[in-house]
Structures are given as C-alpha cells and as structure tokens.
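Please keep the coordinates open while reading.

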Amino acid sequence: MLVFDRHVTPDRSEDEQRLVEKAQRALVAISLGEDAEALDEVMPSADEPDARSEETKALMMLLFGECSAMVSTLGDGGTAPVKVQVFDEDGEEVSIDQADPPVRTAVRTLLAEVHGNTAAAREQVEIALASAAPNEVDSLVLQALRWTIRLSVECLDRDLPVASWISDAVAD
C-alpha cells in the first residue's frame, strides 16, 4: 500500500475530494511503475454501472483538465505553441488517426480541453466509456495518468505552477 500526505483543497465537495485523493494515489503508483495498482486506486467505488461510468468520467475530466492547464502553462499561456505528437511502437511519428483508439481518444480529449472546449472533451470521454472495451478504458486512464505525471515533472523542472495535489503526489 502506498502512503503519502494528502493535500485536499478545502473548497472542494466531499465527492471531489475523494476523487482527487484517488487520483493522487494513482499518480504515486504510476510514478513507481505500478500500473495495476494505479488502476486499482481509481476503480470506481460504486457498484452500479452508471455510477461507475460517471466516476470514471469525472476522473478523466479532472486529469485532462489538469493536463490542459499544464500544457497552457508550458506554452506560456498560449503564446508559445506546444506540439502534440503520436508515435507507434517503433518510435515513428504517426498521424492521430493511425494511433490506437485509447491514444486517439486521449489526444482528442486533451486538444479539446487545451482549446477550451470542455464539452467536446467530455464527449470524447463519454464515447470511449460507452463503446471501448475494458482494457481500452484502462489504457485511456493510464495514458491520462502518465501525461499528468510527465507534464507536472516538466512544469516543476521549469519552476512553473502545478496543482498542489499533483505536485504532492509527484514529490512523494
């Protein structure tokens, strides 16, 4: 079991605090290379499929929202472009349409968030949750967690702001 100090913003609802804590524990697991444990940490707690889907959607929107904020920060508030590239298993750059479905969804969701279109980002996540196989959903969650870690490390290395709950997880 992973243990770390929790930082919870006091103005969050109880559900949001619980979601942030789950995401924080998953980020710690991902940073330690424990993909299975990270997925266990973010498994929805509700037994009903609709509630499980809503919790996973909320988690994905939380992570992609934070990734979007960090991309904007890295791009100097939008004045410096940030390039999103997709690579195949051989390390060759490919178009987004040639990427695996979870990667396509992750890129499209992030780009929608970066461009301020949260509704389109939410739609991408909803489509994935409704139609993707469980292993593809897991892959999407892992992608969002990995991007959150990578972007936060890059921001912290440059002394740029990162949400405290993320920097707390990265520092542990």
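**Helix packing**

The model is predicted.

| Helix pair | Residue ranges | Angle | Axis separation |
|---|---|---|---|
| H1 and H2 | H1 14–31; H2 35–42 | about 175° | 8 Å |
| H1 and H6 | H1 14–31; H6 134–157 | about 80° | 10 Å |
| H6 and H7 | H6 134–157; H7 164–171 | about 90° | 10 Å |

Start with H1 and H2. They pack at about 175°. Angles over 145 degrees count as roughly antiparallel, and H1 and H2 are therefore roughly antiparallel to each other. On the H1 side, the contact uses Lys22, Ala23, Arg25, Ala26, Ala29 and Ile30. H2 answers with Asp35, Glu37, Ala38, Glu41 and Val42. By class, this contact has 6 nonpolar and 5 charged residues, with no polar ones.

H1 also packs on H6, with an angle of about 80°. That makes H1 roughly perpendicular to H6. From H1 come Ala23, Ala26, Leu27, Ile30 and Ser31. They meet Leu142, Leu145, Arg146, Thr148 and Ile149 of H6. The contact of H1 with H6 counts 7 nonpolar, 2 polar and 1 charged residues. Ala23, Ala26 and Ile30 are listed in the H2 contact and also in the H6 contact.

H6 has a further partner in H7, at about 90°. H6 and H7 are therefore roughly perpendicular to each other. H6 contributes Thr148, Ile149, Ser152, Val153 and Leu156. H7 contributes Ile166, Ser167 and Val170. Here the division is 5 nonpolar, 3 polar and no charged residues. Thr148 and Ile149 take part in the contact with H7 as well as in the contact with H1.

**The second largest pocket**

Rolling a probe the size of a water molecule over the atoms shows where empty space is left. How much space lies in the second largest pocket? The value is about 320 Å³. The pocket is lined by 14 residues. Closest to its centre are Val84, Gln85, Gln143, Trp147 and Arg150. Which helix gives the largest share of the lining? H6 does, with 5 residues. Helix H4 (101–114) and H6 each supply at least two lining residues. By class, the lining holds 9 nonpolar, 2 polar and 3 charged residues.

**Salt bridges**

Side chains of opposite charge can pair when their charged atoms come close. How many salt bridges does the structure hold? The count is 9. One of them joins Arg18 and Glu55, whose closest N and O atoms are 3.3 Å apart. This pair links distant parts of the chain. Arg18 sits in H1, while Glu55 sits in helix H3 (residues 49–74), 37 residues apart.

Key. Residues are numbered from 1 along each chain as its sequence is written. This is a predicted model: local features need pLDDT of at least 70, side-chain atom pairs count only at pLDDT 80 or more; totals for chains, interfaces and linings use all residues. Side-chain values use heavy atoms; hydrogens and water are left out. Axes are lines fitted to C-alpha atoms, for helices over the stretch in contact, and angles run from 0 to 180 degrees between N-to-C directions. Helices (H or I, at least four residues) and strands (E, at least two) are DSSP runs, numbered from the N terminus. Angles under 35 degrees count as roughly parallel, over 145 as roughly antiparallel, 65 to 115 as roughly perpendicular and the rest as oblique. Contact means heavy atoms within 4.5 Å. Ala, Val, Leu, Ile, Met, Phe, Trp, Tyr, Cys and Pro count as nonpolar, Asp, Glu, Lys and Arg as charged, and the others, Gly among them, as polar. On a 1 Å grid over the protein atoms alone, a cavity is a set of points where a 1.4 Å probe fits but cannot get out, and a pocket is an open set with protein on both sides within 12 Å along at least five of seven lines; lining residues have an atom within 4 Å of a point. Grid points are joined across faces, edges and corners, and a volume is the space filled by probe spheres set on the points. A salt bridge is a side-chain nitrogen of Lys or Arg within 4 Å of a carboxyl oxygen of Asp or Glu.
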